[in-house]
Each structure stands twice: as C-alpha cells, then as structure tokens.
Amino acid sequence: MPMAPAYKRILLKVSGEALAGDNSFGIEPAFLQGIAKQIADTANTGVQIAIVVGGGNIFRGMAGAAEGTDRVTADLMGMLGTMINALALSNAISRQGAKCKPYSAASMPSVADTFTARDAKLALEEGYVVVLGGGTGNPFFTTDTASTLRAIELECDVVLKGTKVDGVYSEDPMKNPNATRYDHVSYDEVIGKNLRVMDTAAFALARDNSMPIIVYALDDAAGLAGVLAGTSRYTRVGEPI
C-alpha cells in the first residue's frame, strides 16, 4: 500500500453501530471513548476533522418504515438519533482534550448550532473538531450520502469510512472468506458491482465531485493515525494517487 498523502482536512464517517460496540443498540462507553481518543489524538497533530455520525444504534429509518411508520416520519426519527450520537461523541472528544463543536442539519438551537458550511469551515480553521448530526436534514438520504455532501461543502481532502472490515471486498468477507479484497477501486466499478460499503448515491456524488473515499477497519491497531500515515490496510475508492 503506497503512503497516503498528507491530508489537511478530512471527513470521518462514524456509524451508529460503531458507537454501540458489542451491543445491538445504544452507546457503549468503552467504544465511544476509544473512537473519541483516536479522533482527539489526530486532531491534536493539526489535522482538521469533520465528522458525520449515523444513528442506526438508536433508530434506523428504513427499518421503521418497513414496520409501518411512514418513511418521512421514520427518517426524521433517525435524524434525531444521529443528534444523540453527535452530542455523545462531541462531549467524549472534548473530554479527551480536543476542542469540539456539534452542529445539527435540522434547526434545534437549544441543542446545537444549525449547520452552515461557512460556520463549520470557520470552526475547523480555529482548531475545532466539528461533529455533524441530522444527516442532510432531509428524508430519503442516508448519512453516507450526508458524509460525501458535507466533505464537498467543507472542501475536505478525503472521506474516511470506518467499518468492521479492512476495506472493500467483492462480497461480504464475514459470509465468504474467499471474497476478493481491493486495494483500489474506481467509482464506476464500486457502483457497477454494487459493492455496498456505502450507498450508491454517496458514491455517485463522490464520483461527480472527484472526492476520494477511504474504507478501513475501525478496530485497526494503529487506528485513524495509521490510515492517515498509509501504514494500515484500507481501500481507496476513486482516482489513483
């Protein structure tokens, strides 16, 4: 794996499932603190970090819609779940010694500042980690799509997607141990082969705006720092370096 370039500003996607740890729902304090420490340590090296959080550990809109809740209401409930995670992660990062500021895509002024790209970029330049809850602020869009959108808006260098496996595979490696792992894959290939580590809309938006995506394992021993240094295993989606 070639050494990664020096990224000045990154967008990190943290799934709700990552915060749940070994539990099926809720927030596992040990996992929350572990992720927060990786982020704070990286931020303290001077890397500017924006984070989009998922909400699947609290409520998943698609599942709610399947159970009979109308899709718009279900997605709004999911957005509120992402704000619970955003507040928890923001507080945990602050306790690890890094300045952090939460934003919400939906207006809730008593909870967090309403997201604007202008304010969030200013906070990044002032050394804050910014945690972005509420997805895109609209139903029918996932937090994966929100990650790509926010990375483009905030002029980030790359999207980092932490998962349970160390990159993009031809099939689910948990189900098929003979699945092929990619070091690099193009936008068109990941969409055409339906390699569902993120949703198609997220990859299409990244392709149309030349935003690279790096997929890595959250439990990698070197953590986020190892990915940024190019010493950990990961898959790069997009144009070759």
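**Entry 1: Tyr187**

I first looked up how accessible Tyr187 is: its relative accessibility is 5%, so it counts as buried, the limit for that word being under 20%. I note here that the model is a predicted one.

I then placed Tyr187 in the chain, and found it in helix α7, which covers residues 187-192. Which residues does Tyr187 touch, not counting those up to four places away in sequence? I listed Phe203, Ala206, Arg207, Ser210, Met211, Pro212, Val237, Gly238 and Glu239.

Ser210, one of the residues touched by Tyr187, was my next subject. I found Ser210 in the loop that runs between α8 and β10 (213-217). Is Ser210 buried or exposed? Its relative accessibility is 53%, and Ser210 therefore counts as exposed, for which the value must be over 50%. I also noted its backbone: phi of Ser210 is near 50°, a positive value in a residue other than glycine.

Glu155 is not a glycine, yet its phi is positive, at about 60°. I located Glu155 in the loop between α6 and β6 (158-163). With a relative accessibility of 55%, Glu155 counts as exposed.

**Entry 2: Helices α6 and α8**

I recalled that a pair of packed helices is described by the angle between their axes and the distance between those axes. For α6 (residues 143-153) and α8 (residues 200-208), I noted an angle of about 20° and axes 7 Å apart. Why may I call the pair roughly parallel? The term applies to angles under 35 degrees, and α6 and α8 are therefore roughly parallel to each other.

From α6 they are Asp144, Thr145, Thr148, Leu149 and Ile152, and from α8 they are Ala201, Ala202, Leu205 and Ala206. Sorted by class, this contact of α6 with α8 has 6 nonpolar, 2 polar and 1 charged residues.

I looked at one residue from each helix. Thr145, in α6, has a relative accessibility of 6% and so counts as buried. Leaving aside its neighbours within four places in sequence, I found Thr145 in contact with Asp199, Ala201, Ala202 and Leu205. Ala202, in α8, is at 0% relative accessibility and therefore counts as buried. Beyond residues up to four places away in sequence, Ala202 touches Asp144, Thr145 and Thr148. Ala202 and Ile213 are 11 residues apart along the chain, and I noted 9.9 Å between their C-alpha atoms.

**Entry 3: Helices α2 and α4**

I next looked up α2 (residues 29-43) and α4 (residues 71-95), which pack at an angle of about 60° with their axes 8 Å apart. That angle makes α2 oblique to α4. The crossing of α2 past α4 is right-handed.

Which residues of α2 meet α4? I wrote down Leu32, Gln33, Ile35, Ala36, Ile39 and Ala40, which meet Ala88, Leu89, Ala92, Ile93 and Arg95 in α4. By class, the contact of α2 with α4 has 9 nonpolar, 1 polar and 1 charged residues.

**Entry 4: The nonpolar cores**

How many residues has the largest nonpolar core? I recorded 36, and those with the most contacts inside it are Ile10, Val14, Ile39, Ile51, Leu89, Ile93 and Leu160. Not counting residues up to four places away in sequence, Leu160 touches Ile10, Leu11, Leu12, Lys13, Ile214, Tyr216, Leu224, Val227 and Leu228. Apart from this core lies another, of 30 residues, among them Val130, Val159, Met198 and Ala202.

**Entry 5: Asn57**

My last entry concerns a loop residue. Asn57 has its place between β2 (48-53) and α3 (61-66). Its relative accessible area is 4%, so Asn57 is buried. Setting aside residues up to four places away in sequence, I found that Asn57 touches Gly16, Glu17, Leu19, Ala20, Phe25, Gly26, Ile27 and Asn85.

Conventions
Residues are numbered from 1 along each chain as its sequence is written. This is a predicted model: local features need pLDDT of at least 70, side-chain atom pairs count only at pLDDT 80 or more; totals for chains, interfaces and linings use all residues. Side-chain values use heavy atoms; hydrogens and water are left out. A nonpolar core is a set of buried Ala, Val, Leu, Ile, Met, Phe, Trp, Tyr and Cys residues joined through side-chain atoms within 4.5 Å. Buried means under 20% relative accessible area, exposed over 50%, partly exposed in between (1.4 Å probe, protein chains only). Contact means heavy atoms within 4.5 Å. Axes are lines fitted to C-alpha atoms, for helices over the stretch in contact, and angles run from 0 to 180 degrees between N-to-C directions. Helices (H or I, at least four residues) and strands (E, at least two) are DSSP runs, numbered from the N terminus. Angles under 35 degrees count as roughly parallel, over 145 as roughly antiparallel, 65 to 115 as roughly perpendicular and the rest as oblique. Ala, Val, Leu, Ile, Met, Phe, Trp, Tyr, Cys and Pro count as nonpolar, Asp, Glu, Lys and Arg as charged, and the others, Gly among them, as polar. A crossing is left-handed if the near helix is turned anticlockwise from the far one by less than a right angle, and right-handed if clockwise.
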